[in-house]
Amino acid sequence: MKTFDLLIPGEINPDLILSGDVEPQFGQAEKLVESATLTIGSSSVIAACGAARLGLKVAFIGVCGKDFFGRFIIEEMQNRGIDTSAVIVDPHRPTGLTVILNKGHDRAMLTYPGTIPALRAEDIPDDLLRQARHLHVASYFLQHGLRPGLPRLFERARALGLTISLDTNWDPTGTWEGVLDLLPLVNVFLPNEAEAKAITKAENVEEAASRLHTRVETVAIKLGKEGALGISHGQKVRVPSIPVNVVDAVGAGDAFDAGFLYGYLNGWPFKKSLRLAAVCGALSTRAAGGTAAQPTLIEALSFL
Ligand SMILES: Nc1ncnc2c1ncn2[C@@H]1O[C@H](COP(=O)(O)OP(=O)(O)O)[C@@H](O)[C@H]1O
Ligand SMILES: [Mg+2]
């Protein structure tokens with residue numbers, strides 16, 4: 001028996017969300033916003049929270065500073081029942097922060113990395129891997145410390161019997177280096193439409209999905225309000241999302257990942273897992289930030 005369904009090695013940082021119909025202006029202009037919320041940031045932590053909310057047993061490993069932002073995220077994870085005993089507190093580096101300027105359906109982000117790139121694959125011991133059924137990696141392109149050691153980490157995890165999922169999120173450098181080579185080591189790949197097209201250089205998402213499926217057994221592509229498209233072991237399916245009053249889409253993709261992994265780890269049929277993922281993504285947009293509106297399993301099931 002494994003202690004954890006899911007182990008997530010990832011970055012730790014809060015989001016400061018400033019919402020309003022305002023654009024910042026230099027020249028020392030002060031403008032007022034409608035709300036300011038300090039909340040859980042980072043794709044990896046938001047996915048961990050989504051999975052815990054659905055009822056999966058989750059452990060998190062990452063690096064944060066010995067400061068308020070680090071303590072804030074650790075406490076928020078613990079409040080949701082996530083095991084944080086493997087989190088590394090570095091007294092010499094501050095925790096990162098993302099400031100999100102949220103304006104209706106659009107947003108601008110400013111990120112101070114801090115400890116975001118600090119975790120290395122070597123920091124994740126076999127003893128921890130052994131306790132989990134599944135390993136999920138997000139924010140591939142922000143985790144500079146983790147990236148070079150990922151092939152070896154994935155090989156270690158596979159040898160210990162874990163299945164593996166990857167959500168790269170966007171590549172700020174636009175090169176998408178390393179992703180295609182990593183896919184044969186992964187069981188489930190979870191990009192959004194823009195990422196899938198950029199990685200495969202395909203003109204449309206169907207073609208992108210087919211190309212990705214030649215390298216990975218299960219691909220689930222997020223299509224925003226259109227839902228999702230996936231191919232698993234040759235079976236191609238499309239699922240719709242549900243209509244929602246979007247407050248902000250921060251973390252919708254991470255809630256989607258959590259939903260998909262819930263189905264995957266419980267042996268659900270592919271289409272049902274994909275639909276749960278789409279519903280979890282949609283419901284998460286009902287409140288500001290990534291975690292406030294993540295559904296419980298009972299709530300999500302009522303939309304299936
Ligand atoms: N405006 C929306 N209306 C309904 N569902 C949405 C909306 N935005 C996102 N979703 C749901 O959340 C999922 C993930 O969102 P998406 O924006 O595609 O991912 P990412 O955050 O990775 O870019 C989608 O597949 C969809 O099910
Ligand atoms: Mg995403």
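**Figure 1. The loop that holds H233 in the predicted model.** H233 is placed in the loop that runs between strand 13 (228–232) and strand 14 (235–239), in a structure that is a predicted model throughout. Although H233 is not a glycine, its phi is positive, at about 45 degrees. H233 is classed as exposed because 8 other C-beta atoms lie within 10 Å, and a residue counts as exposed if that number is 12 or fewer.

Figure 2. The loop between strand 3 (35–40) and helix 1 contains S42. Phi of S42 is near 70 degrees, which is again a positive value in a residue other than glycine. S42 counts as buried because it has 26 C-beta neighbours inside 10 Å, the threshold for burial being 20 or more.

**Figure 3. The contact of helix 1 with helix 8.** The axes of helix 1 (residues 43–54) and helix 8 come within 8 Å of each other and cross at roughly 45 degrees, so the two helices are oblique to each other. The crossing of this pair is right-handed. On the side of helix 1, the residues that meet helix 8 are S43, I46, A47, G50, A51 and L54, and their partners in helix 8 are D254, A255, D257, A258, G259, L261 and Y262. Sorted by class, the contact of helix 1 with helix 8 comprises eight nonpolar, three polar and two charged residues.

**Figure 4. The contact of helix 8 with helix 9.** Helix 8 and helix 9 have axes that come within 7 Å and cross at roughly 150 degrees. The two helices are therefore roughly antiparallel to each other, a description that applies to angles over 145 degrees, and helix 8 passes helix 9 in a right-handed crossing. Helix 8 contributes A252, G253, A255, F256, A258, G259, F260, Y262, G263 and Y264 to this contact, while helix 9 contributes K272, S273, L274, L276, A277, A278, V279, C280, G281 and S284. The residues of the contact of helix 8 with helix 9 divide into 13 nonpolar, six polar and one charged.

**Figure 5. The surroundings of ligand 1.** Ligand 1 is surrounded by 18 residues, of which the closest are K222, K225, G253, A278 and G281. Two or more residues of this shell come from each of helix 8 (252–265) and helix 9 (270–284). Among the residues named here, G253 of helix 8 and A278 and G281 of helix 9 also take part in the contact between those two helices. By class, the shell around ligand 1 has nine nonpolar, seven polar and two charged residues.

**Figure 6. The contact of helix 6 with helix 7.** The axes of helix 6 (residues 193–200) and helix 7 (residues 205–213) come within 9 Å and cross at roughly 60 degrees, and the crossing of helix 6 and helix 7 is left-handed. The contact involves E193, A196, K197 and T200 from helix 6, together with V205, A208, A209, R211 and L212 from helix 7. Five nonpolar residues, one polar residue and three charged residues make up the contact of helix 6 with helix 7.

**Figure 7. P117 and I124 in the loop between strand 8 and helix 3.** The loop between strand 8 and helix 3 holds P117, and I124 lies in the loop between strand 8 and helix 3 (126–130) as well. P117 counts as partly exposed because it has 18 C-beta neighbours inside 10 Å, whereas I124 is buried, with 20 other C-beta atoms within 10 Å. When residues up to four places away in sequence are not counted, P117 touches L142, Q143, H144 and G145; the C-alpha atoms of P117 and I12, which are 105 residues apart in sequence, are 9.5 Å apart in space. I124, leaving aside its neighbours within four places in sequence, is in contact with P9, I61, L129 and L153.

**Figure 8. R107 in strand 8.** R107 lies in strand 8 (residues 106–112) and is partly exposed, with 15 other C-beta atoms within 10 Å. Beyond its neighbours within four places in sequence, R107 is in contact with I100, L101, N102 and D248. The C-alpha atoms of I124 and R107 are separated by 34 Å although these residues are 17 residues apart along the chain, while the C-alpha atoms of R107 and A202, 95 residues apart along the chain, are separated by 26 Å.

Key
Residues numbered from 1 in each chain as written. Chains lettered and ligands numbered in written order. Predicted model: local features only at pLDDT ≥ 70, side-chain atom pairs only at ≥ 80, totals over all residues. Helix = DSSP H or I, 4+ residues; strand = E, 2+ residues; numbered from the N terminus. Contact = placed C-beta atoms within 7 Å. Near = placed C-beta within 6 Å. Nonpolar A, V, L, I, M, F, W, Y, C, P; charged D, E, K, R; others polar. Axes fitted to C-alpha atoms, helices over the stretch in contact; angles between N-to-C directions. Parallel < 35°, antiparallel > 145°, perpendicular 65-115°, else oblique. Left-handed = near helix turned anticlockwise from the far one by under 90°.
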